[in-house]
Amino acid sequence: MRTVLGCALVLAALLPNGLPAQNPGPAAQAPVVVASKPFGESFLLAEIFATLLEERGYAVDRRPGLGATEIAFEALTRGAIDVYPEYTGTGLTAILGDTPDGDAASVYRRVSRAFRDRWGVRWLPPLGFENTYAVAVRRSTADSLGLSTLSDLARAAPDLVAGLSPDFIGRADGLEGLRAVYGLEPGEVRSLLQAVKYQALAEGAVDFIDGYSTDGAIARYDLVVLDDDRGFFPPYEAAALVSADLPATHPGAIAALAELSGRLDVEAMRRGNERIEVDGDDPARIARDLLAEIGLVDAPDPGTVAAERRGDGLLAYLWANRAETARLTLRHLQLVGASLLAAILVALPLGLVLERMRRGAEGVIRSVGLLQTIPSIALLAFMIPLLGIGWVPAVVALFLYSLFPIVRNTYTGVRDADPVAVGAARALGMTESQVLLQVRLPLAMPVLLAGIRTAAIINVGTATLAAFIGAGGLGDPIVAGLALSDTTRILSGAVPAAVLALLVDALLQEVERRLTPEGLAAG
């Protein structure tokens, strides 16, 4: 069938060296996979881990911005990642679902024992600082309403708008717990990413937010952190959380990461976070500076600092990072190409079969269309328990999103092919298979290929979200930019993705032109 063959050849060209594997094998030389959650401090801590491991001779695969706690922890327990920074209080309440405990040492013992017994996961000794939740308001709000404690906030909350991270809204140590302990019921709750909450608060879009005690933006915006007067929040000591396999596969990596234990204090992290959140500095350079301060790596060469700084604008940034952008673009093309090719090979025959079984066709097509109603990030998260993180679950999710427009357009195009031409073919004695392949399908070509083009454009955009499950692609700088409040980083992923969508559409338009019979070609 010319349609399948033509599109397959084009899309195969997007997949050099075949289909990549989801994860490297368990060989001794496999890189240590270091991940983070999607906020600034987690990015910085993960970069500290990665830099130190590289200094100790280990290859490192970075997987930043893996969505919420549940996604990162699921990836760890499945062995898809080796280590990520976590907080003991989060482990106690959000993962174990246990009641808060005000003693830091007790919390560490509880999570260390429970994680080892249930999942074989290991908490390394804490890094040396605690980063608890900080509920903050504008100074003008605190002064006008007399707010200094969370009890005060609970009294005024029905008239206020809360801007809270999605993670915080549903957690036992978040809004649900504050409701139970303080009776805190905001008049309205808005779900906001960590990177935009402070700006939303400063601009008056919300009245209070959840943050972290080490956030540099607290000082930047002159905010008031309300006192947890009932001791609700448990201790949140930062530590490296490592997979069950890492001690066996890379025992020296455990020793390297343990060098950080007790070495990072709260003042150092506040300085580092401020450089990210306020100054827009590069996490990799901040990580090396902090490691040099505590004597674990050599100080960076002052002569290279200027070269490491960001460019003055998007074009300068893209040029300075052109090799990385090219790598991410290729990865993005592989995600889109593999998922689209698989969807063509499944959806096109399905559409042809449904055309021969018209009575139940619309029901099947609507069922396939239901996949389009599932939020893409939810579908990606759903894939993790089944397929882990990385390339495979992302391709499967993108494949599912691609089915509907191809099935619908194939069915409609073949069904509505010119009845006069179809009747003439039958009158000439052609079999139904001959009519399908030589008349209906060529006549349906413009409609059929329009469905493939639609699926391709959807995939290019949706594939940016695959970064949340560690699949890579142009979503990586977008996720990092959102976490670091860095517009240039966001655009460095968004602009190439938009250009890529236009190029893919243009390529498929040329395929359409070549495969469409001359009598049906536009113009």
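(Accessible areas come from the Shrake-Rupley method with a 1.4 Å probe, and for residues only the protein chains shown count as cover.) What you're looking at is a predicted model, where local features need pLDDT of at least 70 and side-chain atom pairs count only at pLDDT 80 or more, while totals for chains, interfaces and linings use all residues. Residues are numbered from 1 along each chain as its sequence is written, and side-chain values use heavy atoms, with hydrogens and water left out.

Now switch to cartoon. You'll find 25 helices and 10 strands in the protein chain; these are DSSP runs numbered from the N terminus, with helices being H or I of at least four residues and strands E of at least two. The C-alpha atoms fill a box of roughly 85 × 55 × 50 Å along the principal axes.

Next, colour by pLDDT, the predictor's confidence in each residue from 0 to 100. The mean for the protein chain is 85, with 91% of its residues at 70 or more. Where pLDDT is low, the predicted coordinates should not be read in detail.

Time to go inside. Of the 523 residues, 53% are buried (under 20% relative accessible area; exposed is over 50%, partly exposed in between, with a 1.4 Å probe and protein chains only). Pick Ile81, Tyr84 and Phe115: they touch the most other members of the largest nonpolar core, which has 78 residues. Helix α21 (residues 391–415) gives the most to this core, 13 residues. Such a core is a set of buried Ala, Val, Leu, Ile, Met, Phe, Trp, Tyr and Cys residues joined through side-chain atoms within 4.5 Å.

Zoom in on isoleucine 81. Leaving out residues up to four places away in sequence, isoleucine 81 touches Val33, Ala35, Leu66, Ala72, Ala75, Leu76, Ser243 and Ile389 (contact means heavy atoms within 4.5 Å). Then select Phe49, Ala157, Leu178 and Ala287, which are among the 69 residues of a second, separate core.

Last stop: helix α25 (residues 487–515), where valine 495 sits. Valine 495 counts as partly exposed because its relative accessibility is 33%.
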